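Morning, everyone. Please look at the model on the screen while I talk.

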Amino acid sequence: MNRQDTQDRQGMGTRQVPEGDASKPGAPHQLVRVRHELRRRKLLVTSVESLTPRMRRIRFTSPDLADFNSPSPDDHIKLFFSQQDGAAAQPVMRDFTPRAFDNAGKSLTIDFAIHGSGPATEWAAGAQVGQLLEIGGPRGSTLVPDDFDWYLLIGDESALPAIGRRVEALRSGVPVTTVVAVANEDEKQTFTTRASWRPTWVVRGEPGEQDAELLRRALVGFTPPAGDGFVWIAGEGSIVREVRTYFVEERQHPSDWIKAAAYWHRGTDDGHGGPGTPA
Ligand SMILES: Cc1cc2nc3c(=O)[nH]c(=O)nc-3n(C[C@H](O)[C@H](O)[C@H](O)COP(=O)(O)OP(=O)(O)OC[C@H]3O[C@@H](n4cnc5c(N)ncnc54)[C@H](O)[C@@H]3O)c2cc1C
């Protein structure tokens, strides 16, 4: 594989690795993988807000956040939750998206989808100002260039923080369509953006196997704008796999311009098997 490490351009301890063919410098639409120095940070909860009935926005502060680095909207950090059964027990880890951060203000925001049971959702549902939480990462980022002619972002509630961050970050006027499955009308969100954003919400009740068919039905009606497009898919693993297959096989979308990641697996505790497991 023709991969090439280049100089530190994203800050201390960061390396860039082009994901495509590095023999074509300057070629458009190249996704670039960037590694970061891995650090753990201890954070203090400063506010807890219900963004929607099932989405909890929690803000943190820490002097450790002065050099926190997360250049890509779909970066993830590890959250460490201590277990009740004895001090010797290892904390459990879950992956979450840095929804927003501010180095000068030493703050970080994470949006938690509240979904029933599990260490992360239970912690978020009961979180209080003054509580502590340890995080690690991000370990790396995939930088998606803002040079595509259009963007299509697909997912469920767990993907909404990354989707919101990307919609907000895209350049002025670029067409971006989001197709997101949510439990009910109250779970729809709004984002402030310079891009030309067209949201489609798939209201489906509880997440289930029907999500793939519902998303697919919504996507059949999607007519891509002219030019090259980037498709991003995240959410429950089997749904992500089906939607990705649809784009590759039926819509014949170039697979280099699709990024798909399993954010969780139905019926499995922390079943994503690693950060954003490719679906
Ligand atoms: C790269 C990455 C970024 C992510 N960013 C976010 C984020 O910013 N916000 C966010 O809310 N989630 C995010 N997730 C998803 C989150 O990590 C998982 O949902 C995680 O399993 C939640 O942990 P838990 O302890 O609440 O539940 P677990 O203990 O992992 O699972 C308990 C049960 O709940 C089910 N379950 C897990 N997640 C969900 C869900 N979302 N909806 C319905 N059922 C579920 C499982 O199948 C299992 O049966 C991200 C995942 C990845 C890989």
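By class, the shell around the ligand holds 10 nonpolar, 14 polar and 7 charged residues. Nonpolar here means Ala, Val, Leu, Ile, Met, Phe, Trp, Tyr, Cys and Pro; charged means Asp, Glu, Lys and Arg; the others, Gly among them, are polar. This is a predicted model: local features need pLDDT of at least 70, side-chain atom pairs count only at pLDDT 80 or more, and totals for chains, interfaces and linings use all residues. Residues are numbered from 1 along each chain as its sequence is written.

Which residues come nearest to the ligand? Of the 31 around it, they are His76, Thr97, Ala113, Gly118 and Thr121. Near means a C-beta atom, placed from the backbone, within 6 Å. Two or more shell residues come from each of β6 (92-96), β8, α1 (119-126) and β15 (258-264). Helices (H or I, at least four residues) and strands (E, at least two) are DSSP runs, numbered from the N terminus.

Why does the ligand lie between domain 1 (40-140) and domain 2 (145-278)? Because both give residues to its shell. The domain bounds come from an automatic or database assignment.

Now helix α2, residues 160-169. Of its 10 residues, 8 are buried. Buried means 20 or more other C-beta atoms within 10 Å of the residue's own, with C-beta atoms placed from the backbone. Among the buried ones are Leu160, Pro161 and Val167. Their cover includes β8 (107-113) and β11 (150-155).

Last, confidence. pLDDT is the predictor's confidence in each residue, from 0 to 100. The protein chain's mean is 89, and 86% of its residues reach 70 or more.

Notes
Buried ≥ 20, exposed ≤ 12 C-beta atoms within 10 Å, placed from the backbone. Contact = placed C-beta atoms within 7 Å.
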